[in-house]
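Got your viewer open and ready? Let's walk through this one together, one selection at a time.

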Amino acid sequence: MLTVEKVPNLDVLVDKASARFVETISAITADPTGGVHGDGAARVVVTGGGAGIKLLSRLSRARNMDWSKVHIFFGDERNVQIYDPESNEGQARYALFNHVNIPEGNIHGYRPRMSTLPDTAEGYATQIEHHAPKGFDLHLMGMGPDGHINSLFPDSPQLAEAEKLVVPVSDSPKPPAERITLTYPAIARADQVWLMVSGSEKAEASSQLIDGVVSDEWPVTRVPELTNTTLFITEDALPEE
């Protein structure tokens, strides 16, 4: 199911999504039986990209968030060291996690370059099974102009994965070529997906998503079939009427 939240610009998108994030996650952590695991802890998948990092930066100002009860996962990662500017985890730490009281053990990164890509993917799947066996409360997600999500690109072989939660990517059309990504089966484990989309270059992909035309040419179009999906979208990214 797809719900569309239209906003005038990226600043308003970030304001709206951050307020809803605080409300949603605080409700889970305030209830000893809250969340998909029923243990009062929230499992959240975060994303890189412009809107994703702006959201994390805005959340660093949030007050009364109990980060000790939040477990963080990443939708994808580039095969770089964490201190590399291309690292999603590195960007997320700089924007948010270095500024809040979240236990280090609650940040579940891929840590590539410590083994082969297939081994890294397998290791991350094991982390998910250990720390989030019943899935995620929220998966934050961006979208590329080509409709890619995480590192699932149009017509890529990773789109056909039906069982594994995490797979390697060796030939991403968007540099760097080597990555690790959550799959459709992992996305389907999320109670909610929030897509954050801004920019006129994304209007065609947004049109495919809103029209409900499911195609491997536009990976994002599959998401509403998998779980409850909210699209936060700026006016310039909306399809022309």
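First stop: select strand β4, residues 76-78, together with β7. These two strands run antiparallel and pair over 3 bridges. Keep in mind as you look around that this is a predicted model.

Now zoom in on R78. Which residue is its bridge partner in β7? Click on R179, and you have found the partner of R78.

Look for V169, which stands opposite R179 in β7. That gives R179 two residues to look for: R78 as its bridge partner and V169 standing opposite.

Next, show the side chains along β7. In a regular strand, side chains alternate between the two faces of the sheet. Here, R179 and T181 point one way, while I180 and L182 point the other way. Are these four buried or exposed? All of them are buried.

Select P176, which sits between β6 (166-169) and β7 (179-182). Look at the peptide bond joining P175 and P176: it is cis, with omega at about -5 degrees. Most peptide bonds are trans.

N64 is not a glycine, yet its phi is positive, about 65 degrees. Most residues other than glycine have a negative phi. Why does N64 count as exposed? Because its relative accessibility is 77%, and the cut-off for exposed is over 50%.

Now go to the loop between α3 (88-97) and α4 (117-131) and select R111. R111 has a positive phi too, near 55 degrees, and is a residue other than glycine. With a relative accessible area of 36%, R111 is partly exposed.

Last stop: N106, in the loop between α3 and α4. N106 counts as buried because its relative accessibility is 8%, and buried means under 20%. Show the side chain of N106 and follow it to the backbone oxygen of S68, at 3.1 Å. Then, leaving aside neighbours within four places in sequence, highlight what N106 is in contact with: W67, S68, K69, V70, H71 and I72.

Definitions and conventions. Residues numbered from 1 in each chain as written. Predicted model: local features only at pLDDT ≥ 70, side-chain atom pairs only at ≥ 80, totals over all residues. Heavy atoms only, no water. Buried < 20%, exposed > 50% of the residue type's maximum accessible area, 1.4 Å probe, protein only. Polar contact = N/O pair within 3.5 Å; in protein donor to acceptor, adjacent residues only side chain to side chain. Contact = heavy atoms within 4.5 Å. Pairing = 2+ DSSP bridges.
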